[in-house]
Each structure stands twice: as C-alpha cells, then as structure tokens.
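Open the structure in your viewer and keep the selection tool at hand. The tour has a few stops.

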Amino acid sequence: MLKLSTIQKKQIVGITGLAMVGFVLAHLSGNFLIYKGADAFNAYAKFLHDLGPLLWAMRIGLIASFVLHIGFTINLVITNRK
C-alpha cells in the first residue's frame, strides 16, 4: 500500500475540496440559466446530454473526490488524535 505523509494527505483533501467547490459553482451557474428563459436552460441541458461518456467520467470523478476527501479527512483526524 502507498504510504503518504500527512502533508500529502492534506494536499489531497485540499484538491478534492476544490474539485467539489468547482462542481457546485458550475452546477449553480448552469441552474441560474433558468432566469434567462426556457431556451437557454434547455440549451444547457442539451449541452450536458451531448457530453455523453465525458459526463459520466466527470460524475465518477466527483464521486471519487467526495470519497477521497471524506476518507483522508477522517484519517487525518484519527492521526491527529493519536
């Protein structure tokens, strides 16, 4: 198994946190298109649909970011308490 230092674990937590914040900002900006009208929102939905397999890769990346973020954070808390 790969042995990571606490600094490396904190860097992973930071990077995965930024990835999740990026998702929230992208999701929010896409949803704000509802205020530009149905055509703009539907065009955004079509754009997402047309991404096809890339959208699934992004979804898997988001899930991986979430799992890594939570896992390394728990690991760091346990390590700090020792």
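A helix here is a DSSP run of at least four residues, and helices are numbered from the N terminus. The model you are looking at is predicted.

**First stop: a pair of helices**

Two packed helices are described by the angle between their axes and the distance between the axes. Select residues 6-31, which form helix H1, and residues 53-81, which form helix H3. The two pack at an angle of about 145°, and their axes are 9 Å apart. The crossing of H1 past H3 is left-handed. Now show the side chains in the contact: on H1 they include Ile-12, Val-13, Met-20 and Phe-23, and on H3 they include Leu-62, Phe-66, Phe-72 and Leu-76. Sorted by class, this contact has 10 nonpolar, 8 polar and 2 charged residues.

**Next stop: the largest pocket**

Select Ala-19, Phe-23, Ala-26, His-27, Tyr-44, Leu-48, Leu-55, Met-58, Arg-59, Leu-62 and Ser-65, the lining of the largest pocket. The volume of this pocket is about 380 Å³. Which helix gives the most to the lining? H3 does, with 5 residues. H1, H2 (38-50) and H3 each supply at least two residues. By class, the lining has 8 nonpolar, 2 polar and 1 charged residues.

**Last stop: a salt bridge**

Side chains of opposite charge can pair when their charged atoms come close. The structure holds 1 salt bridge. To see this pair, select Lys-46 and Asp-50, whose closest N and O atoms are 2.6 Å apart. Both residues lie in helix H2, 4 residues apart, which is about one turn of the helix.

Note on methods
Residues are numbered from 1 along each chain as its sequence is written. This is a predicted model: local features need pLDDT of at least 70, side-chain atom pairs count only at pLDDT 80 or more; totals for chains, interfaces and linings use all residues. Side-chain values use heavy atoms; hydrogens and water are left out. Axes are lines fitted to C-alpha atoms, for helices over the stretch in contact, and angles run from 0 to 180 degrees between N-to-C directions. A crossing is left-handed if the near helix is turned anticlockwise from the far one by less than a right angle, and right-handed if clockwise. Contact means heavy atoms within 4.5 Å. Ala, Val, Leu, Ile, Met, Phe, Trp, Tyr, Cys and Pro count as nonpolar, Asp, Glu, Lys and Arg as charged, and the others, Gly among them, as polar. On a 1 Å grid over the protein atoms alone, a cavity is a set of points where a 1.4 Å probe fits but cannot get out, and a pocket is an open set with protein on both sides within 12 Å along at least five of seven lines; lining residues have an atom within 4 Å of a point. Grid points are joined across faces, edges and corners, and a volume is the space filled by probe spheres set on the points. A salt bridge is a side-chain nitrogen of Lys or Arg within 4 Å of a carboxyl oxygen of Asp or Glu.
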